[in-house]
Amino acid sequence: MTEPGASARELPGVRPPGQEAPGEAAAQAPFGNKVSCRLGVLFVVLAVILMVWMFMMGAAPQGHATVRNWSSSWIGLDVGECLGLLATALAMRTRTPYLPAVAGATAALFAVDAWFDMMTALAGTDWYTAVTFALIAEIPLAAILATVSIRAARCT
């Protein structure tokens with residue numbers, strides 16, 4: 001037992017906040033600092049690309065849809081994905097304990113986007129385009145985000 005007034009520095013194995021041993025802070029990150037930084041930058045770049053995509057899709061003439069607000073629904077999903085990428089990048093930067101939840105939710109959004117793109121595409125060229133986008137972009141990004149989520153959860 002310690003005496004009243006004993007500081008954390010005097011307790012064996014306990015360090016005051018901000019005075020971690022070399023390498024301890026990096027061990028708490030889901031990836032090394034360099035990889036986390038690059039992933040964060042990648043997520044921000046992808047969010048910007050997704051914003052441009054949303055504006056292009058919103059400005060494109062719309063065909064006949066039998067579902068009310070069809071285009072708005074897809075734009076809304078893209079907005080959610082964009083915000084999720086930015087939130088994941090911010091969570092990685094600040095090392096918040098919410099990173100597993102944010103990255104996991106964003107991974108789910110990209111997986112849902114891939115699924116609905118393929119399931120709602122017309123047969124032929126539209127379907128092949130949806131499958132190509134799913135295989136090249138949405139599913140790999142969902143897998144990366146899920147990996148970030150799992151590794152971050154193990155670090156907390």
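Q: How many aromatic pairs does a search of the whole structure find?
A: One. Keep in mind that this is a predicted model.

Q: Which residues form the aromatic pair, and what is the geometry?
A: Trp 127 and Tyr 128. The pair is edge-to-face, with 5.4 Å centre to centre and 75° between the planes.

Q: Is Tyr 128 buried or exposed?
A: Exposed, because its relative accessibility is 56% and the cut-off is over 50%.

Q: And what does Trp 127 count as?
A: Partly exposed, at 35% relative accessibility.

Q: New topic. Which residues touch the most other members in the largest nonpolar core?
A: Phe 43, Leu 85, Leu 99, Phe 110 and Leu 145. That core has 19 residues.

Q: Which elements give two or more residues to this core?
A: α2 (33-59), α3 (70-94), α4 (99-120) and α5 (125-155).

Q: What is Phe 110 in contact with, leaving aside neighbours within four places in sequence?
A: Leu 50, Glu 81, Leu 85, Glu 138, Leu 141, Ala 142 and Leu 145.

Q: What about the second, separate core?
A: It has five residues, including Ala 114, Met 118, Ala 130 and Val 131.

Q: Now helix packing. At what angle do α4 and α5 pack?
A: About 165°, with their axes 8 Å apart. The cut-off for roughly antiparallel is over 145 degrees, so α4 and α5 are roughly antiparallel to each other.

Q: Left-handed or right-handed crossing?
A: Left-handed, as α4 passes α5.

Terms used
Residues are numbered from 1 along each chain as its sequence is written. This is a predicted model: local features need pLDDT of at least 70, side-chain atom pairs count only at pLDDT 80 or more; totals for chains, interfaces and linings use all residues. Side-chain values use heavy atoms; hydrogens and water are left out. A nonpolar core is a set of buried Ala, Val, Leu, Ile, Met, Phe, Trp, Tyr and Cys residues joined through side-chain atoms within 4.5 Å. Buried means under 20% relative accessible area, exposed over 50%, partly exposed in between (1.4 Å probe, protein chains only). Helices (H or I, at least four residues) and strands (E, at least two) are DSSP runs, numbered from the N terminus. Contact means heavy atoms within 4.5 Å. Rings of Phe, Tyr and Trp (its six-membered ring) pair if their centres lie within 6.5 Å; planes under 30 degrees apart count as stacked, over 60 as edge-to-face and the rest as tilted. Axes are lines fitted to C-alpha atoms, for helices over the stretch in contact, and angles run from 0 to 180 degrees between N-to-C directions. Angles under 35 degrees count as roughly parallel, over 145 as roughly antiparallel, 65 to 115 as roughly perpendicular and the rest as oblique. A crossing is left-handed if the near helix is turned anticlockwise from the far one by less than a right angle, and right-handed if clockwise.
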